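Good morning, and thank you for making time on the agenda. I would like to take the group through one model, beginning with the structure itself.

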Amino acid sequence: MLTINNLVKHRGNQEILSGISFKARPGRVTGFLGPNGAGKSSTLRILLGLDRATSGSALINGKPFAELHNPLATVGAALDGFGAHRMRTGRAHLRWIARAAGLSNSRVEEVLEIVGLTNAAGKRVGKYSLGMGRRLGMAAALLGDPKILILDEPVNGLDPEGIRWIRTFLRERAQSGNTVLLSSHLMGELAETVDDVVIIKHGTIVADGTLEEVIGNHSTLEEAFFTLTSEIAGAVV
Amino acid sequence: MSVSSSRKITQILGAELDKLVTLPLIGLTLMGTFILNLALAAAFTSAGLQGAAGTQSILNIGLASMGYLKAGFIILGILATCSEYTGGQIRTTLTTIPWRGFQLSAKHLALVIITIPVAFIIAASGILYTFIMMRDTAEVIEIDTMIKPLLGATGYLTLTTLLSAAIGALLRRTTPALVVLLGYYFIVSPLTRVFLPSIKNYLNFFPDTAGSYMYMPPSSDELNVLTPMQGTGISMIWTLSFITVAIVFYRKRDA
Amino acid sequence: MRAFNAELSKLFSLPGIWLAFLIGAIAPAVIAALDSIAEKEEIIAGVSTRLSEVGYIGLVLGVQGVIILGVLAVSSEYLTESSESGGGQQITTSLTVVSSRLHFLLAKAGAVTVISILLCIVAIMTTVSATHLVLGEYAPAFEWQRLIGAICYWTFTALLALGITLLTKNGIIPLAVLMINSSVVSFSVLLYRVTKLAVYLPDRAGAEMFMFTSDTFTGSLFVRYNTPFTGGLVMLAWVVVIFIAAAIVFHRRDVAA
């Protein structure tokens with residue numbers, strides 16, 4: 001269970017997040033939507049203890065991220081970018097993460113197999129394509145076999161096969177009782193994957209509910225999204 | 001501390017060691033430093049051989065390259081901490097090990113484990129080369145008089161590496177960290193010694209000068225010299241305070 | 001010309017460049033002021049021997065600023081040191097914008113040259129004022145030939161830094177080597193003790209464009225070997241050779257390699 005409660009973040013004089021609250025529940029895939037710069041990544045970074053909230057809280061199973069006993073086995077996270085040093089090989093990258101969490105090297109080979117990177121594991125991360133980098137990020141997130149997954153734009157840069165794989169994979173995770181929170185701006189893709197939807201705009205939540213509730217009278221999720229986030233019709237919820 | 005937290009510490013230390021070892025730039029830096037040091041030792045020896053025979057001490061010439069050698073270790077320290085900020089690795093690090101103070105301390109500890117043997121080997125190789133080349137011309141020195149400055153040199157290089165790592169962690173970017181550190185060690189520190197002889201006594205309290213007493217053979221013509229122990233103490237205080245400041249900042253700011 | 005303007009705006013938008021400006025403009029003046037203070041004591045004591053040298057030492061060491069400039073100009077194209085960027089290198093963008101690699105290089109070298117010259121002129125102004133401020137009536141007149149020599153020295157050094165960084169693709173090594181070499185414990189001075197051929201090393205030869213006597217402390221060994229003109233030529237030859245090597249390597253190399 002992920003609980004975001006009245007989260008505020010200032011950077012300089014800018015207010016990035018102005019008091020947002022929502023939950024991501026176990027057994028469901030929660031989609032976190034918003035235009036570029038709406039505050040999606042900031043929220044996820046605070047949730048993962050990377051950035052500090054100005055006020056409010058972002059809790060994982062009721063605790064801040066830094067107080068988790070075994071973070072890698074509790075939360076798997078893949079943020080934007082590769083998250084790995086360019087000069088290291090993919091395998092070496094996963095191995096130091098495994099070492100930090102007390103996992104074996106054979107687990108590294110397992111996740112490499114799951115994300116389909118076994119053949120590229122000996123290459124330097126700097127030579128990876130965007131899609132391969134995303135797969136490496138997924139592999140790192142899955143290392144500890146966590147109950148909670150937090151993914152920032154997981155399908156960005158993936159080929160059609162990869163996108164389908166992510167979709168079925170995330171559905172399976174949720175069905176077996178895990179929590180999945182993913183951010184995206186690909187509406188069509190998201191509508192096929194998520195159960196719950198949270199829409200953020202200019203650092204405030206403009207919609208929060210199940211997929212059906214959020215779509216409401218609109219024909220598609222995309223339609224609903226544009227109505228909710230466009231400047232003119234901003235007040236409709 | 002429970003059993004599980006002591007295991008956690010070893011795991012984190014292991015991960016930090018892994019990170020250092022699998023970074024090719026670090027291996028290259030150390031290799032380059034080793035080769036450069038031998039080349040410099042050769043240059044100093046050959047310059048020494050051209051000088052008046054018999055008056056040169058092998059130790060002085062063997063350690064003369066220390067002045068340049070520290071550059072390699074400054075780079076090592078900077079690479080260790082600044083490499084976190086390449087390709088966004090810092091986010092992976094902090095989602096894997098969210099205990100920031102712990103993590104940065106473990107990184108410094110891992111750096112010590114790597115630096116001590118390497119610094120010892122590199123410093124010793126320079127002295128050994130000089131020893132072999134100058135056996136016949138210079139006054140012969142005993143092994144045990146060599147050991148103390150050698151240990152001092154190892155300590156000096158290790159503390160310099162740690163100080164550089166702490167500054168790297170503070171600045172987070174390789175180039176500014178490199179400019180600041182090289183600027184201090186190679187420009188500001190020697191210049192103040194030349195231009196401001198009046199404050200010489202205070203210079204002893206700065207990391208570069210204080211640290212150099214750790215390996216410098218005591219010379220009689222200078223007043224106000226520090227003993228190797230005093231030098232070690234002062235550089236250690238500098239290094240530890242910079243590491244502390246780095247950790248405080250690291251814990252406070254957004255990654 | 002458009003490529004040149006692009007290179008200029010690229011350089012000015014680098015945060016590290018301000019560090020280079022700061023060091024290049026301020027450091028020579030500070031060093032010259034310190035040197036002048038020491039010199040003033042000697043004048044008063046009546047033992048001054050090197051009045052005409054005062055201040056130039058600042059220009060020798062202030063060259064650090066343009067070293068940073070030259071290295072950053074290239075390393076910023078390759079470096080990705082931001083927590084957000086995935087793996088993009090600016091060089092890919094640069095080479096799709098300016099398709100000819102030779103044009104790209106010439107534009108970059110041109111931008112670095114112009115900035116170095118301007119920076120050196122600023123440094124000379126601050127240095128001269130600092131010396132006058134401290135020495136007052138004793139202040140020596142600065143000869144314009146030597147000041148032009150200093151400008152050439154700065155520009156050539158910046159271009160050397162640029163060429164070497166282009167060969168290594170990584171800023172760390174050239175920055176370390178060049179910064180140490182232009183400091184008090186220069187490799188060239190050490191090598192000079194081994195072989196007299198070291199006078200033909202670029203920094204040693206180039207410094208003869210404006211450093212004269214053997215009495216300043218950089219050069220307790222600084223005996224004149226070349227005239228300012230040949231010294232400049234030797235350094236220029238180094239710049240040309242390194243530049244051609246860098247251009248050939250850069251032309252052949254895949255961007256991703």
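First, the conventions. This is a predicted model, in which local features need pLDDT of at least 70, side-chain atom pairs count only at pLDDT 80 or more, and totals for chains, interfaces and linings use all residues. Residues are numbered from 1 along each chain as its sequence is written, chains are lettered from A and ligands numbered from 1 in written order, and side-chain values use heavy atoms, with hydrogens and water left out.

Let me begin with the domains. Their bounds come from an automatic or database domain assignment. For chain A, domain 1 comprises 2-74 + 147-229, and domain 2 comprises 84-145. The centres of the two domains of chain A, taken over C-alpha atoms, are separated by 24 Å. Contact here means heavy atoms within 4.5 Å; domain 1 of chain A contributes 18 residues to it and domain 2 of chain A contributes 16 residues.

Between these two domains of chain A, about 1300 Å² is buried, with carbon and sulfur atoms giving 65%. By buried area I mean the accessible area (1.4 Å probe) that two parts lose on being put together, summed over both. On the domain 1 side of chain A, the residues losing the most area to domain 2 are Leu72(A), Leu158(A) and Trp165(A), which together account for 39% of what that side buries. There are also 2 salt bridges between the domains of chain A, a salt bridge being a side-chain nitrogen of Lys or Arg within 4 Å of a carboxyl oxygen of Asp or Glu.

I turn to the sheets of chain A. Helices (H or I, at least four residues) and strands (E, at least two) are DSSP runs, numbered from the N terminus, and two strands pair if DSSP finds at least two bridges between them. Axes are lines fitted to C-alpha atoms, for helices over the stretch in contact, and angles run from 0 to 180 degrees between N-to-C directions.

One open sheet of chain A has 3 strands in the order β2-β1-β4, with antiparallel pairing. Its edge strands are β2 (14-24) and β4 (55-60) of chain A, each pairing on one side only. Neighbouring strands of this sheet are turned by 20° against each other on average, direction ignored. Strand β1 (residues 2-11) of chain A and β4(A) share 5 bridges in the antiparallel sense; within that pairing, Ile4(A) has Ala58(A) as its bridge partner. Helix α1 (residues 40-47) of chain A lies across β1, β2 and β4 of chain A, at about 115° to β1(A).

The other open sheet in chain A that I wish to show has 6 strands, ordered β5-β6-β7-β3-β8-β9, and its pairing is mixed. At its edges stand β5 (75-78) and β9 (204-210) of chain A; each has a single partner strand, so one side of each is left without a neighbour in the sheet. β5(A) pairs with strand β6 (residues 148-152) of chain A in the parallel sense over 4 bridges, and Ala78(A) stands opposite Leu151(A) in β6(A). Helix α5 (residues 130-142) of chain A packs on this sheet and touches β5 and β6 of chain A, its direction making about 170° with that of β5(A).

Now to the interfaces. Chain A and chain B bury about 2700 Å², 56% of it from carbon and sulfur atoms. In chain A, Leu50(A), Arg88(A) and Trp96(A) lose the most area to chain B, together 25% of what that side buries. How many salt bridges lie between chain A and chain B? The count is 2. Lys9(A) forms a salt bridge with Asp254(B), with the closest N and O atoms 2.6 Å apart.

Finally, chain C. An unreviewed UniProt entry lists several spans as "transmembrane region", including residues 54-74 and 147-166 of chain C; UniProt positions are given in the numbering used here, feature names are shortened, and annotations may be inferred rather than shown by experiment. In the model, residues 54-74 of chain C are 81% helix and 0% strand, with end C-alpha atoms 34 Å apart. Residues 147-166 of chain C are 100% helix and 0% strand, and their end C-alpha atoms lie 29 Å apart.
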